[in-house]
Every structure is written in structure tokens, then in C-alpha cells.
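Please consult the sequence and the coordinates alongside the numbered paragraphs.

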Amino acid sequence: MKIAIVGTGYVGLVTGTCFAELGVDVTCVDTDASKIERLKNGVIPIYEPNLEQLVEKNHRAGRLHFTTSLEEVLPEVEIVFSAVGTPPDEDGSADLRYVLQVAETIGRHMDRYLLVVTKSTVPVGTAARVRAAIRAQLDARGVEVPFDVASNPEFLKEGNAIEDFMRPDRVVVGTDSERAKELMTRLYKPLLLNNFRVMFMDIPSAEMTKYAANAMLATRISFINDVANLCQAVGADVNMVRKGIGADSRIGNKFLYPGCGYGGSCFPKDVKALIHSAAQNGCRMEVLEAVERVNERQKGILFEKLAGHFGGVEALKGRRIALWGLAFKPGTDDMREAPALVLIGQLQAAGAEVVAYDPVAMDEARRRLGNEAIGYAADAYSAVLDADALVLLTEWKEFRLPNWELLKRAMRGRVVVDGRNIFDRSELRALGFDYYGIGVL
């Protein structure tokens, strides 16, 4: 079976590589010629565990190809996946220009039946717009070529994407055609053999499922952060509360970890897009509006704790603050909407000196912030030299059991602000550190 994946970003590259690993002949298409050349030479544009090895393996085996020309591969493939970006517009809506450009290109060049599958996260109604865009181009050519449109949203977690693809909780496929359903069943047959769930539904329901899933997860994060702040105020321990409510099988313990707010490429964008989509359809997502407000507030909580310890924002001027972690979560170099960016901006505005270390996101930080805005340390311990305070932002495994005696000797101050509640506050306080967590006294 031959397919094409348009877009070699996070979703497109992982999806294409994993399908190739399952034995499918995959061509990944991107308009960025330099990126395609780098991919042909084994240079991966994103960090994802094991992805580089799988790309190289399948490219070498002749199952994974890279090109800039979608029109050249259309005669050879049965399915085209659209996995291009849908960045948020200024009003929070999903920008569909790239999705519709792909549809128009397909309509201009297709000459036999194709199944066009939207993989990008898109609002309800996008499949209909894709269908109309293809049809308009066919009409302009004066030809009648059969095609179907389907929705196959992704549910990949950055840092665990390959495992998520190969062992999915579920595969959601929205289609209104038996021919399309048969094609998608063939494509996902390797997963069906392992009894993983492939759920077929109508297209609008499939489009909504992706947004609703991310919105629910974002809601749980903002909920526990709200609870954490109340715990702090009343003297409760959010870690105990989290375990207590998570033991209820109706609630569960996933995504109930307090912290300094969610970030990344999905949750912020998708929450905004769902709120906007609701408004366009005469509805209001009041819960999600609150989720967004709570998250934006939560991203400032670490700065508040630092300012509170030192006696006010003015007292941060000239202080040296060490940051452990820059990516929005472990297992990725993605800094989109990362809490680290908010904290860095606040510290810079207050006149503090910032020195940071992240195991994989240093190049991404330099790209976003430049080489002069903050200091970049070679490792975690170099970052804390002469620091007045250490702030943990990303819960990378290598940060979980530091040598606190070494840190005491290296740091000028004794302040630790734990943005993910991974340290033992009793141990740190016994060692003479001033410890601040989320939702704990």
C-alpha cells in the first residue's frame, strides 16, 4: 500500500515513519526544500525519542521517502494524509490556510480516485471545506474524478509518540463512505491484528473528538492547579488531595499533577480553537474559558513565589536565578507556550539574571531567545553556580535526585522553587533550603 503524508512537522513525520515501520510505502511531502534535504540525509527537525533511528531505518529500507512535490506522487498513492500546521489566528481560531492549500493542490493534479484524510487538528466542518476545495479545482479543470474525504485525528503525546502510535488507546476515523472505510481498515490492519481499537464514526464527530479530548485533559490540569492554590491558602497538601481523589475510579489519577501550567503545541491552541468554534456556532464554552484563565495565571505562580521570598519584585533586580528545564514537558525540545518563556520574561523585566539548562531544548531556546538574553549552562550543576535561587520547570528524570550537598556549595542562596512538586520538601528543609512547591506549605 502506498500513501503520502503532507507536512513533516511533529505529526506528519511521526505518522509517516510509523506507517513505514508497519510496512506501508510512505512518501512524506513538504514545501520546505531544505528540510526535505536534511531528512534525506538523516537530520531530524524535531526531538522525539527513537524517531531518528526509525527514520533512518525505514528510509534505508526504501519504505520512507521525502519530496517537495505532492503532484508527482499523487498518481502512485491511494491515500493522502494532510498533516500540515493549523496555527492559531489572532482571534484564537485555527488557521486552515495550509490545509486548504493542500486540498487545492490535490484537486489541481489528481487524475484517479484518492482518499484525502485530514490528520491535522481542525475544527468541525473542515472536512466539508476540504471536499469543496478539491471539488472546485476539479470543476475548474472540467473533469470528474472520484474522491473521498475522511478525518483521522492524532492522539500522540510528545515524548511518547512512537509508542502511542504503535500501541494506541484508540484510532478514530471519521468517514461517510464505505470505500474510504475499507481503505482505512486495510491501512490500520496491523493494529487491528493486535486488537487495538479502531473506532469508525461520522466525520464531524471525529473532528470534535480530538478537540474534546485535549480540552478535557487541559481542564483536569487547570482544575488541580486551582485546587493546589486553595490548598496552599488553607494549609492542605495538594499531593495528598490528588492521591485521595485519584483513588476514585470515576476520576482516576491521570493529569492530576499540579504545576506551573500547561504549554506545548496542542492544549493552548486547541482550547482557544474550541472556544472560538463554539462562539461561531452561538455557544459559549464557559468551563474552557475558565480553564484558559487559570492556566495563564498559573504560569506566573513561580515568579510570585520568588518575589515573595525575596521581599518584592524590586528585590529580584540583580539576583541570579537558575532554571532547570525549558521545554514545556520532558521528552521533547518543544517550547511552544512553555511556562519557562513566561518566567524568563518576568525575571528579565524585574532585572534578574537568568541561567538555564535543559537536556534537549537548549538549541530551541537559543533560536527563540537569542544567545544574549539568558545564560546557557553546559549542565544542571553549572547552571546553579552562584545562583540565589533554583527553579525547577520541567521534570526531566535527571533532575529528580540531585546532589543537594553539591548544590549547597555551588549556590549563593538556598532557595528552591519546585514547579512540578518532584522534590522531597522535608529533605530540602532539613538541609537548610527554603523550599517552595505548588499547593504545599
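Is W324 buried or exposed? W324 is buried, as its relative accessible area is 1%; buried stands for under 20% relative accessible area, exposed for over 50% and partly exposed for the range in between, with a 1.4 Å probe and protein chains only.

1. Basis of the values. The model is predicted, and local features need pLDDT of at least 70, side-chain atom pairs count only at pLDDT 80 or more, and totals for chains, interfaces and linings use all residues. Residues are numbered from 1 along each chain as its sequence is written, and side-chain values use heavy atoms, with hydrogens and water left out.

2. The pair at W324. The ring centres of W324 and F399 are 5.0 Å apart and the planes stand at 20 degrees, so this pair is stacked. Rings of Phe, Tyr and Trp (its six-membered ring) count as a pair if their centres lie within 6.5 Å, and the pair is stacked with planes under 30 degrees apart, edge-to-face over 60 and tilted for the rest. W324 belongs to strand β9 and F399 to the loop between β12 and α18 (404-410), so the pair ties together parts that are 75 residues apart in sequence. F399 is buried too, with a relative accessible area of 0%. Helices (H or I, at least four residues) and strands (E, at least two) are DSSP runs, numbered from the N terminus.

3. Other aromatic pairs. The structure holds 10 aromatic pairs. One of them joins Y262 and F267 in an edge-to-face arrangement, with 5.9 Å centre to centre and 80 degrees between the planes. Y262 and F267 are both buried.

4. An open sheet of 6 strands has the order β11-β10-β9-β12-β13-β14, with parallel pairing; two strands pair if DSSP finds at least two bridges between them. Its edge strands, β11 (375-376) and β14 (434-436), each pair on one side only. Between β9 (residues 320-324) and β10 (residues 353-357) there are 5 bridges in the parallel sense, and A322 stands opposite V355 in β10. Helix α15 (residues 339-349) lies across β9, β10 and β12 (389-392) and runs at about 175 degrees to β9. For this angle, axes are lines fitted to C-alpha atoms, for helices over the stretch in contact (heavy atoms within 4.5 Å), and angles run from 0 to 180 degrees between N-to-C directions.

5. Strand β4 and its partners. In a regular strand the side chains alternate between the two faces of the sheet. In β4 (residues 79-82), I79 and F81 point one way and V80 and S82 the other way, and all are buried. Strand β1 (residues 2-6) pairs with β4 in the parallel sense over 4 bridges, and V6 stands opposite S82. Strand β5 (residues 114-118) also runs parallel to β4, joined to β4 by 4 bridges, and V116 in β5 is the bridge partner of V80.

6. Cysteines. The structure holds 0 disulfides, a disulfide being a pair of cysteine sulfur atoms within 2.5 Å. C28 counts as buried at 0% relative accessibility. C260 is in no disulfide either, as the nearest cysteine sulfur, that of C231, is 17 Å away; C260 is buried, with a relative accessible area of 0%.

7. Helix α10. This helix (residues 203-234) has 32 residues and reaches 47 Å from its first C-alpha to its last, close to the 46 Å expected at 1.5 Å a residue. The expected span is 1.5 Å times one less than the number of residues. Just after α10, G235 takes a positive phi of about 90 degrees.

8. N50 is not a glycine, yet has a positive phi of about 75 degrees; N50 lies in the loop between α2 (33-40) and α3 (51-60). N421, also a residue other than glycine, has a phi near 55 degrees. N421 is placed in the loop between β13 (415-418) and α19 (425-430) and counts as buried at 15% relative accessibility.
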